[in-house]
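Let's take a walk through this fold together, beginning with a sheet and then stepping back to the chain as a whole.

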Amino acid sequence: MVEKRLKTSTKVWLTIIFIIFMGFLLWIADRTFDDYKLRVLRLIAIYGIMAVSLNLINGITGVFSLGHAGFILIGAYTASLLTLTPEQKAMSFLFGIQPWIEKLHTDFFTATIAGGAMAAFFAFLIGWPVLKLYGDYLAIASLGFAEVVRIWANNAMTITNGPLGLKAIPEYSNTWWVYGWLLFTVAFISSLVYSSYGRALKAIREDEIAARAMGINVFKHQLLAFVVGAFFAGVSGSLYAHWLTTIDPRLTTMGPMLTFYILIMIVLGGLGSITGSLIGAAIFAILFEWLRNLEQPFTFFGIHVPGIPGMRILVVSVIFILVMIFWQRGIMGREELTWENLYRWFSKLKREGEKS
Amino acid sequence: MTEVARKPQEEVKTSEEFLLKLDHVTMQFGGLIAVNDFDNGVKKYELLGLIGPNGAGKTTVFNVVTGIYYPTKGRVIFDGIDITPLKPHQITHLGIARTFQNIKLFYDLTVLDNVLVAQHHELSNPDADRILKKHGKPPKNTKKFWFWRAVSKLGYIKKEKEMVERAKELIERVGLSHVMYEKASALPYGEQRKLEIARALATKPKLLLLDEPAAGMNPKESEDLMEFIKRLKNEFKVTIFLIEHDMKVVMGICERIIVMDYGKIIAEGTPEEIQSNPRVIEAYLGKEWKNV
């Protein structure tokens with residue numbers, strides 16, 4: 001934090017105007033974009049929620065968790081099972097379904113909340129043993145948790161339909177839902193981070209022993225961040241499921257791969273920066289879609305290249321490694337893109353302009 | 001750090017004399033007895049020094065007091081409360097703050113945020129407040145649901161303002177206001193020490209434990225520090241218990257000194273008494289060889 005130069009009321013107004021402006025842009029995009037571009041636009045928001053929530057756990061609190069895909073999967077399944085109608089469920093579950101699950105049916109909003117709550121509940125349960133560990137051990141344990149959830153989903157035929165997955169999930173995740181949730185996520189998490197609790201979380205990241213000596217209940221605060229992060233992971237899972245419309249417990253959709261994608265986003269954007277996570281998510285979503293071109297046959301400087309499936313993952317990995325070598329703290333580092341910082345940069349530019 | 005099973009608390013009576021009393025405390029690590037039957041304490045508003053050669057067990061005493069270690073034998077009584085089974089964050093909440101031998105700041109946070117972090121325990125330690133209530137002392141926080149207040153900002157903005165004001169005032173009083181918005185890692189060594197002490201003071205302690213505050217300082221800096229510590233005691237009305245290697249610092253400011261060697265207390269008294277104590281000289285300089 002640097003000395004304040006803008007009034008709080010100015011910042012609040014700027015934020016409101018910014019949100020309205022973005023809403024207007026989204027409205028135009030929603031009207032004019034074709035179906036494919038709209039899906040990418042929505043994916044950016046979903047990835048944004050995933051990245052911001054993982055950033056709270058990994059970047060702000062310094063708990064290196066790799067279990068995010070597990071929470072996303074829990075949220076996705078919980079919400080999808082709630083929005084699918086009993087008839088649809090009866091049709092797609094070839095090996096029978098638990099009767100109480102079949103009967104459950106709610107609207108999309110309640111289902112999303114339930115997905116988040118379920119993920120948060122699981123985070124609370126596994127947080128007790130997992131957060132007793134730290135560093136690499138914690139990473140392995142949380143990764144293990146995500147795998148356990150995935151393999152459970154692969155085998156619990158009567159609850160999750162096993163490897164067949166859930167199909168024909170209604171495509172409820174329209175632009176307004178996903179961006180509404182993104183707004184709520186960012187508001188909630190940045191409000192948390194820029195309060196006394198957020199400072200305590202950052203203190204734990206910086207030095208656990210000193211934090212303890214300053215009267216911070218380290219375990220309680222880590223658990224808090226873990227549960228809040230998992231809630232929003234669950235929410236993003238629900239949105240993701242209603243965006244994909246088909247979910248199954250494969251490695252690539254909701255397995256460790258997804259965790260690593262989110263990790264790439266937050267490291268690219270800057271661990272510990274909320275706006276950085278959003279930028280990372282947007283870059284990743286767009287880049288990953290744009291690189292699909294590599295998988296089709298194309299001509300590069302007169303050389304004909306045949307399409308290689310999986311090529312984009314290779315290219316993303318190379319880009320990621322290069323970022324890690326030359327730009328270790330990511331795009332934003334731990335800085336935030338706030339009105340305060342923008343104001344400072346502009347006044348600096350202005351001063352330099354006047355000098356020359 | 002090992003978490004040892006914590007015993008339930010019991011009611012204790014301390015003599016009026018001591019603010020902090022170590023009651024026959026022994027700390028054993030396997031075969032090594034780091035602290036052996038330490039039976040002494042810190043009197044209210046005292047400036048007590050703890051000295052001794054390297055490895056005498058001084059820092060271990062601090063770690064036992066702040067709850068990082070659970071003593072093998074004995075009890076620690078602070079302000080009439082048995083704090084032996086309590087956890088570090090609870091002990092801080094009750095009023096013991098410490099600094100570290102090798103500075104432990106939150107380096108990526110600003111000076112202001114470092115001090116603000118130290119006030120957070122007032123919002124978030126209901127477990128420690130229950131202990132205070134049980135002993136008939138006023139709790140430090142009476143409101144609940146601070147997490148939801150902090151997130152929704154309802155009934156929180158005023159508190160935040162209060163906290164920032166208090167932190168700024170404290171930073172000014174210790175003379176760091178010129179670096180208020182700098183990151184802690186950007187501060188020179190002497191100012192980092194000062195910040196660490198300011199951060200400890202922000203927890204509103206009754207007892208301040210300073211672990212080698214003058215370590216790594218040149219004579220000029222340690223002289224400034226002596227003045228600073230003396231000033232703190234009177235300005236903030238805290239009791240200070242410090243470990244120090246620099247004899248000049250210890251003799252210059254401490255009212256009473258305890259000397260440890262090999263885990264045991266070998267001498268206790270005023271600076272003058274300590275300087276002429278043959279056992280202390282022996283511990284520091286070695287035994288005189290009489291049969292030359």
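Start with the open sheet of 6 strands in chain B, whose order is E6-E7-E8-E3-E9-E10 and whose pairing is mixed. Strands here are DSSP runs of E with at least two residues, helices are runs of H or I with at least four, and both are numbered from the N terminus; two strands pair if DSSP finds at least two bridges between them. At the edges of the sheet sit strand E6 (96-98) and strand E10 (264-269) of chain B, each pairing on one side only. On average, neighbouring strands of this sheet are turned by 20° against each other, direction ignored, with axes taken as lines fitted to C-alpha atoms.

Inside the sheet, strand E3 (residues 47-51) and strand E8 (residues 239-243) of chain B run parallel and are joined by 4 bridges. One residue to look for is B:Leu50, whose bridge partner in E8(B) is B:Ile243.

This is a predicted model, in which local features need pLDDT of at least 70 and side-chain atom pairs count only at pLDDT 80 or more, while totals for chains, interfaces and linings use all residues. Residues are numbered from 1 along each chain as its sequence is written, and chains are lettered from A and ligands numbered from 1 in the order in which they are written.

Now step back: chain B has 12 helices and 10 strands. Its C-alpha atoms fill a box of roughly 80 × 45 × 35 Å along the principal axes. Of the 292 residues of chain B, 46% count as buried (20 or more other C-beta atoms, placed from the backbone, within 10 Å of the residue's own).

Technical notes. A residue is buried if 20 or more other C-beta atoms lie within 10 Å of its own, exposed if 12 or fewer, and partly exposed in between; C-beta atoms are placed from the backbone. Axes are lines fitted to C-alpha atoms, for helices over the stretch in contact, and angles run from 0 to 180 degrees between N-to-C directions.
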